[in-house]
Amino acid sequence: MNKIQEATQAYFNEQLSENFQRWEFACKGNPCCGRSAPISQELVDILQFLRSIFDVPFIINRGFSCQIHNMKLQSKLTSDHCLGLAADVSVPPGTDIEDIKSTALHWRKLGAFGIYDTHFHIAVRRRESDPFREWDKRVANE
Ligand SMILES: [Zn+2]
Ligand SMILES: [Zn+2]
């Protein structure tokens, strides 16, 4: 392995917290930014806080999205995913996502929480003054 490959591997394998490594948050587009993963440590910290309390696997479906990939997803360019401030997290069936949300609300910098049937969207605030945003898109509730 050459020096560039070593550095790349070290970047992706970086342990950001007890249960999360940087590659889990990398952009899933291809081709675009080469799976870059500039993710907020604050976001990782809140995820670790929740992961430790609920003690179930958290699968990061989407962490950072670069502008090119974001366009393909037809997501807003102002999306928190583009700033590395948001993640979409799948949890095992039967996990009480509302319970995860009420626990997440204890985190002062929580910026958004969206509930879906099998996953949740979570984001940290850009600025202290940002309003908290929340939504519930579970099919059963529509
Ligand atoms: Zn990308
Ligand atoms: Zn999201």
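Trainee: So what order do the strands come in?
Mentor: It's an open, mixed sheet of five strands, ordered β1-β2-β4-β3-β5. Strands here are DSSP E runs of at least two residues, helices are H or I runs of at least four, both numbered from the N terminus, and strands pair if DSSP finds at least two bridges between them. Keep in mind it's a predicted model: local features need pLDDT of at least 70, side-chain atom pairs need 80 or more, and totals for chains, interfaces and linings use all residues. Residues are numbered from 1 along each chain as written, with chains lettered from A and ligands numbered from 1 in written order.
Trainee: Which strands are at the edges?
Mentor: β1 (59-62) and β5 (133-136), each pairing on one side only.
Trainee: And how do β2 and β4 run?
Mentor: Antiparallel, with five bridges joining β2 (residues 86-90) to β4 (residues 119-124). D88 sits opposite H121 of β4.
Trainee: New topic: which residues have the most contacts inside the largest nonpolar core?
Mentor: F25, L43, I46, L47, A87 and I122, in a core of 28 residues. Such a core is a set of buried Ala, Val, Leu, Ile, Met, Phe, Trp, Tyr and Cys residues joined through C-beta atoms within 7 Å. Buried means 20 or more other C-beta atoms within 10 Å of the residue's own, placed from the backbone.
Trainee: Where does the largest share come from?
Mentor: Helix α2, which gives five residues.

Note on methods
Buried ≥ 20, exposed ≤ 12 C-beta atoms within 10 Å, placed from the backbone.
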